[in-house]
Amino acid sequence: AAAMAAEDEAAVNLMECQVCFERYGLGGQRRPRNLPCGHVLCQGCVGALGGPERRRFECPVLSASGSSGLGAAGPAPAGLRLRLSLGGWGSLVNPTGVAACRRSGRLAVAHDGKKRIHIFGPSGSCLQRFGERGDAGNDIKYPLDVTVTSDGHVVVTDGGDRSVKAFDFEGRGVLAVREGFCLPWGLDATPESEVILSDSEAGALYRLSADFKKGKLKKCQMIRSQLISPRGVAVSQTSGAVVVIEHLKAQGPSNGSTRVKIFSAEMDLVSQMDTFGLNLVFPSKIYTMAVAFDKQGRVIVTDVCSQSSVICLGKPEEFPIFNPLISHGLSYPVGLTCMANNSLVVLDSGDHSIKIYSST
């Protein structure tokens with residue numbers, strides 16, 4: 001606990017308030033305050049902007065971008081409300097992936113901090129940090145995504161040494177697969193504790209089977225090839241269907257486009273839709289970064305183009321429908337996962353936070 005507190009203090013002292021641009025401190029007016037929308041301001045700015053009567057506070061970051069703050073907003077169109085916001089500046093640094101343990105409700109988050117993996121409990125407290133930044137066998141150089149298997153192991157894609165690494169929830173490294181990948185990127189676990197992962201440079205999907213408790217790799221098999229820069233991937237816990245996001249052109253939402261592909265459990269192509277096709281059902285350009293299945297088997301994606309949002313595209317057999325789930329309060333959503341209670345977890349790299357939404 002003392003080590004974690006010292007690490008927190010060092011991280012906080014490097015961050016600045018987004019309003020006054022003064023460095024944060026651990027007490028007084030410079031203490032960071034995490035707002036309901038996920039943005040972080042110092043205590044002094046929160047007090048000043050809230051006015052003398054403290055009746056209404058609008059996030060100045062969202063106001064500047066033309067969005068309304070979730071702290072004062074009503075429910076999203078699908079009846080989702082922001083229930084909890086975790087992380088923020090000083091806790092997470094440029095997070096890249098999030099995953100939920102369906103049995104325990106714990107969340108695993110990959111980010112660019114000194115310890116690459118943070119484990120949060122259901123109440124929002126940070127339970128564990130592990131995955132040192134370094135060159136040792138179980139260190140993590142650059143995490144791209146994370147998943148949690150049904151038998152309770154945290155699996156990470158490491159772009160730094162082009163590997164896939166598995167840990168238990170205490171942070172002990174149990175397996176590292178370094179051979180055969182060009183650039184492993186997105187991954188998700190199946191109900192049988194196998195892992196489906198994308199290789200962005202190879203343009204392929206792999207199925208990885210392992211005995212994580214014994215630290216033994218059973219099989220790593222390519223199950224789909226000839227994809228274009230596949231990154232985000234998700235597996236339906238009910239049907240076994242697989243959805244993947246391809247990045248078709250130059251990187252970035254201003255120059256490129258994306259395509260959502262859905263495969264059956266047998267890896268037969270079921271449906272696909274690119275940015276142009278989605279424009280036919282939605283009037284503005286969509287650039288998808290993350291994807292997940294909910295408990296009903298519906299495909300959900302994040303959009304980082306124009307107005308950052310979360311959109312439900314329906315089940316594979318009805319794909320695509322268009323149902324906006326969250327349309328306000330997100331900066332740059334890069335990660336997405338559904339919890340066992342059907343809460344929706346969004347990883348917002350724009351303000352370094354995790355936002356958990358639930359039905360009203």
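Residues are numbered from 1 along each chain as its sequence is written, and side-chain values use heavy atoms, with hydrogens and water left out. Since the model is predicted, local features need pLDDT of at least 70 and side-chain atom pairs count only at pLDDT 80 or more, whereas totals for chains, interfaces and linings use all residues.

The largest pocket holds about 820 Å³ of space, where a pocket is an open set of points on a 1 Å grid over the protein atoms alone, fitting a 1.4 Å probe and having protein on both sides within 12 Å along at least five of seven lines, and where the volume is the space filled by probe spheres set on the points. Its lining, made up of residues with an atom within 4 Å of a point, comprises 44 residues, of which Gly97, Val98, Asp145, Val146 and Leu336 are the closest to the centre. Elements that give two or more residues to this lining include β4 (97–100), β8 (143–148), β16 (230–235) and β24 (333–338); strands are DSSP runs of E with at least two residues, numbered from the N terminus. By class, 25 of the lining residues are nonpolar, 14 are polar and five are charged, with Ala, Val, Leu, Ile, Met, Phe, Trp, Tyr, Cys and Pro counted as nonpolar, Asp, Glu, Lys and Arg as charged, and the others, Gly among them, as polar.

Strand β16, which contributes to the pocket lining, also belongs to an open sheet of four antiparallel strands in the order β16-β17-β18-β19, two strands being paired if DSSP finds at least two bridges between them. The edges of this sheet are β16 and β19 (269–274), each of which pairs on one side only. Between β18 (residues 258–263) and β19 there are five bridges in the antiparallel sense, and lysine 261 has glutamine 272 of β19 as its bridge partner.

Strand β24, likewise part of the lining, lies in an open antiparallel sheet of four strands ordered β3-β26-β25-β24, with β3 (80–87) and β24 as the edge strands. Five antiparallel bridges join β24 to β25 (residues 344–348), and valine 346 in β25 is the bridge partner of leucine 336.

No disulfides are counted, a disulfide being a pair of cysteine sulfur atoms within 2.5 Å. The sulfur of cysteine 338 is 9.4 Å from the closest cysteine sulfur, that of cysteine 312, and is therefore too far away for a bond. Cysteine 338 is buried at 3% relative accessibility, and cysteine 101 is buried at 5%, buried meaning under 20% relative accessible area (1.4 Å probe, protein chains only).

Notes: Buried < 20%, exposed > 50% of the residue type's maximum accessible area, 1.4 Å probe, protein only.
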